[in-house]
Amino acid sequence: MKWKKYLSLTRAGILEALQYRLGLFVMVIGNLIYLIIVYFLWRAIYASAGTDVVNGMTFSDTLIYLVLATALFAFMEMYIVWEMGRSIQTGAITLTLLKPMSYRSYSFWNCAGGVIVQFFCTFLPTFLVVLLVTKGAIPLGINLLYFAVSVILSVSINFSIDLFVGTICMYTESIWGINIMKQVVVLLLSGATIPLAFFPEPLKTIAYCLPFQSIYNAPLSLLLTANPQPSVIAETLGMQLVWSIVTMGFSRLFWQVSLRRITVNGG
Amino acid sequence: MHRGLRFYFCIYRKILAQDLKSKMSYRADFIISTIGMICTNISGFLSFWILFQNFPSVGGWSYYEMLFLYGFSLVAMTPVQCLLDNNWSLRYQVFSGDFVKYCFRPMNLFFYYQSEVFDVKGLGQMVFGIGTLIYAWVHLELACTAWMVLKLVVYLVSASLVMAALQNAAAASCFWIENSFYLLDLVMRFKDYAKYPMTIFNPVFRFVFTFVLPIAFIAYYPSLVILRPEAVPLLSWLSPLIAILLFYLSYKIWMKGAAGYSGTGS
Amino acid sequence: MSYIIEIKHITKEFKVLNRHEGLKGSLKDLFSRDYRIVRAVDDISMNIAQGEIVGYLGPNGAGKSTTIKMMTGILQPSSGEIVVNGQIPYKNRTRNAKEIGVVFGQRSQLWWSLPLVESFKLLRDIYEVPEAEYRAMLDLYRSLVDIESLLHKPVRQMSLGQRTLSDILAAFLHNPKIVFLDEPTIGLDVSMKAKIRTLIHALNREKQTTVILTTHDMGDVDALCRRIVIIDKGKMLYDNDIEHLKRFFGSYRTLKIRMDGDLQQSAEAIAQQMPEFRVSADTDWISVLVDEEQASVMAVLARLQERYRIRDMQLEEISTEAVIKKIYEEGTQ
């Protein structure tokens with residue numbers, strides 16, 4: 001029965017997300033337009049390149065990669081930093097702190113509802129469209145399973161990073177600034193705007209050493225490889241697992257230290 | 001309600017000073033927002049750079065030409081960022097009923113509402129944009145005559161007006177739709193796509209981005225006048241007029257929404 | 001007797017940045033490290049028994065919400081001891097949370113876009129309320145207020161009164177031992193205020209819930225509280241029965257009389273005749289503040305009637321509001 005309260009929160013999150021039908025609708029349209037732009041842009045880029053394969057990626061590889069990265073982004077972006085920042089500023093956070101569960105699990109399970117709705121409304125349709133349009137460019141096999149596992153780890157890493165960044169809002173009023181910085185850094189260094197394969201050498205190495213590439217690059221590279229080497233799978237998932245634990249540890253520690261600040265110095 | 005420009009200018013300066021004062025009191029916010037803005041710009045620049053490390057050109061547009069478009073769109077967006085930033089809070093104000101406080105002032109409602117906030121961090125963006133523009137300008141070996149500069153300024157202004165029109169219309173949707181945040185967010189996402197040349201799209205989408213969602217007027221059509229003076233399409237020459245028309249329309253929509261607004265009260 | 005809340009000499013200090021004036025000053029503040037210590041709560045002690053309704057009063061910024069935050073475990077006292085329900089709140093916040101309910105003024109803990117019943121179900125699960133108890137609680141609510149019309153309404157469509165009512169019901173839903181109500185009737189109309197007071201009273205009686213109530217509305221105090229605690233500038237000014245407070249000041253009553261002639265002159269004459277009482281006059285009335293421990297109002301009236309032709313009279317009790325105002329102004333001494 002211990003799980004009931006968490007599942008209940010997730011259910012409420014789903015119900016809440018479904019209330020904003022217009023939002024979902026606009027989101028779908030927005031994604032669609034974005035997909036169109038990405039499609040034409042990269043078609044033009046590849047047309048200018050003169051070769052079919054650049055940095056080991058064909059046009060359809062790049063397209064699938066970017067489209068799915070956007071879809072992943074749309075489904076993982078739960079505006080946690082905004083939510084936290086605003087509730088810290090208005091003091092509404094006290095009401096959540098007075099619930100008989102930790103803030104971390106409270107917001108995780110509440111957001112999980114939104115993530116589930118987003119999965120069905122943005123990621124799955126996009127995935128199916130891409131699957132149909134590219135006609136078999138996405139291998140359908142055991143890689144889907146690795147991908148699923150990898151995405152779950154991505155969600156966890158993304159949540160920890162968001163919580164970490166959101167905690168910073170206890171020290172500053174600048175939600176906007178903090179959020180935009182996070183978004184920019186994550187989107188660029190995770191390979192969501194340009195696949196990491198295109199990065200020039202030193203930058204690529206740096207990106208691979210940071211946790212962000214585990215969010216988008218890791219699951220997508222697992223998905224796009226038909227018969228990956230077991231060692232590659234182990235390495236990718238292992239890396240994600242390590243990052244998931246490390247980011248969780250850091251965000252939890254930072255939150256606890258900062259919470260003490262609230263309880264000592266007021267909100 | 002016709003008063004001299006001088007009156008409005010004077011009022012604007014006073015309200016602006018108040019806004020700056022309150023901004024300063026959020027010490028770190030000020031600095032962090034500025035850094036955040038710079039980060040956004042650097043990342044945009046980096047994306048370009050990485051892209052052109054791998055590819056020589058995009059749809060017949062060279063690196064520096066693309067940079068020019070990018071810088072142009074950044075500068076064109078600055079006035080909207082700086083002057084019309086209060087559009088972002090319109091939704092909350094209307095929803096909570098606070099908006100009613102603006103309706104009792106003896107001056108233009110749109111002006112008064114927008115004058116309340118001046119977003120300083122937009123200036124950082126402008127500096128970055130101008131830098132990019134000059135960098136591209138020099139590498140493209142464009143002439144620096146008074147005529148060129150005049151063209152640049154006129155077309156920057158018209159690009160700004162288009163941007164402002166899009167934002168106004170999206171923000172004003174909150175007078176009719178409860179959750180208009182998504183619309184505003186969507187429109188703002190488009191501005192990122194404005195920096196791409198329209199030639200990469202097929203005719204259908206070129207039509208859409210010109211006449212339905214006129215993002216082509218934010219950077220592409222105005223830049224053509226400077227970048228490709230030998231073959232300027234009619235739409236480029238018309239873009240200042242179109243910009244004024246669009247802005248006027250959005251202003252009317254905004255004011256109509258505000259006029260129909262009755263405080264929700266509880 | 002054991003108490004549900006025991007507070008011994010708690011003090012809470014905050015670090016506050018000194019702000020400067022003007023544009024230049026605000027620029028300076030960007031880099032300033034000029035702090036001062038503010039004592040928000042200063043050596044407060046009190047014990048509260050199960051089932052009491054305590055009115056916690058004080059002007060704005062007196063330290064009320066700081067005290068409440070310490071009782072709920074959101075804030076840690078700088079010094080002193082606080083035990084709620086046998087636990088130290090800030091050390092066991094989540095465990096403490098199960099035994100308390102909170103309504104913070106206009107801040108709703110309900111899920112904005114969902115119908116009320118969904119919020120209730122969610123709270124039921126979060127606080128792990130057994131189904132039978134949950135149903136019993138809803139039945140109790142039904143007997144007290146008309147909730148059927150509210151249950152399926154999204155919270156964002158409710159009026160302020162309905163939302164406050166719902167928030168109070170939500171705070172009592174897990175049958176907590178203590179409920180903190182911070183300004184529950186703020187901004188409501190008279191009939192809604194009455195409804196909410198009746199509800200709080202009934203819930204307190206039914207469930208023996210301890211209620212700590214902060215308010216600026218003396219109507220709330222008169223209707224609900226037997227005991228009141230008053231603080232100002234972080235210091236405790238008063239902690240006792242409301243009756244005691246009234247008696248303390250209530251031996252005073254104001255006798256107001258109207259008569260022909262110049263009221264100012266007559267007032268001066270009366271003041272000379274009865275130097276032990278305070279006499280004043282405005283355009284319509286002469287007021288005599290009578291201390292009933294010295295002479296009854298009737299006796300004073302009789303003495304006045306010997307001399308003057310009194311055309312009209314009024315007798316005014318000192319209201320709680322006036323008493324509290326007096327305490328704010330001069331303290332109990």
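In this predicted model, α7(C) and α8(C) are roughly parallel to each other, a label that applies to angles under 35 degrees, whereas angles over 145 count as roughly antiparallel, 65 to 115 as roughly perpendicular and the rest as oblique. Their axes come within 10 Å and cross at roughly 10°, where axes are lines fitted to C-alpha atoms, for helices over the stretch in contact, and angles run from 0 to 180 degrees between N-to-C directions. On the α7(C) side, C:Gly161, C:Thr164, C:Leu165, C:Ile168 and C:Phe172 meet C:Met192, C:Ile196, C:Leu199, C:Ile200 and C:Leu203 of α8(C). By class, this contact of α7(C) with α8(C) has 8 nonpolar, 2 polar and no charged residues; here Ala, Val, Leu, Ile, Met, Phe, Trp, Tyr, Cys and Pro count as nonpolar, Asp, Glu, Lys and Arg as charged, and the others, Gly among them, as polar.

Helix α7 of chain C covers residues 160–172 and reaches 19 Å from its first C-alpha to its last, close to the 18 Å expected at 1.5 Å a residue, the expected span being 1.5 Å times one less than the number of residues. Because 10 of its 13 residues are buried, α7(C) is largely enclosed by the rest of the structure; a residue is buried if 20 or more other C-beta atoms, placed from the backbone, lie within 10 Å of its own. The buried residues of α7(C) include C:Arg163 and C:Asp167 as well as C:Leu169 and C:Ala170, and what covers the buried residues includes β5 (100–104), α5 (131–144) and β6 (178–182) of chain C. Helices (H or I, at least four residues) and strands (E, at least two) are DSSP runs, numbered from the N terminus.

Turning to another pair of chains, 32 residues of chain B are in contact with 31 residues of chain A, contact meaning that the C-beta atoms of two residues, placed from the backbone, lie within 7 Å. On the side of chain B that touches chain A, α2(B) gives the most, with 15 residues, and that side has 20 nonpolar, 10 polar and 2 charged residues.

Chain A itself has 11 helices and 2 strands, and buried residues make up 46% of its 267 residues.

Residues are numbered from 1 along each chain as its sequence is written, while chains are lettered from A and ligands numbered from 1 in the order in which they are written. Because this is a predicted model, local features need pLDDT of at least 70 and side-chain atom pairs count only at pLDDT 80 or more, whereas totals for chains, interfaces and linings use all residues.

Conventions
Buried ≥ 20, exposed ≤ 12 C-beta atoms within 10 Å, placed from the backbone.
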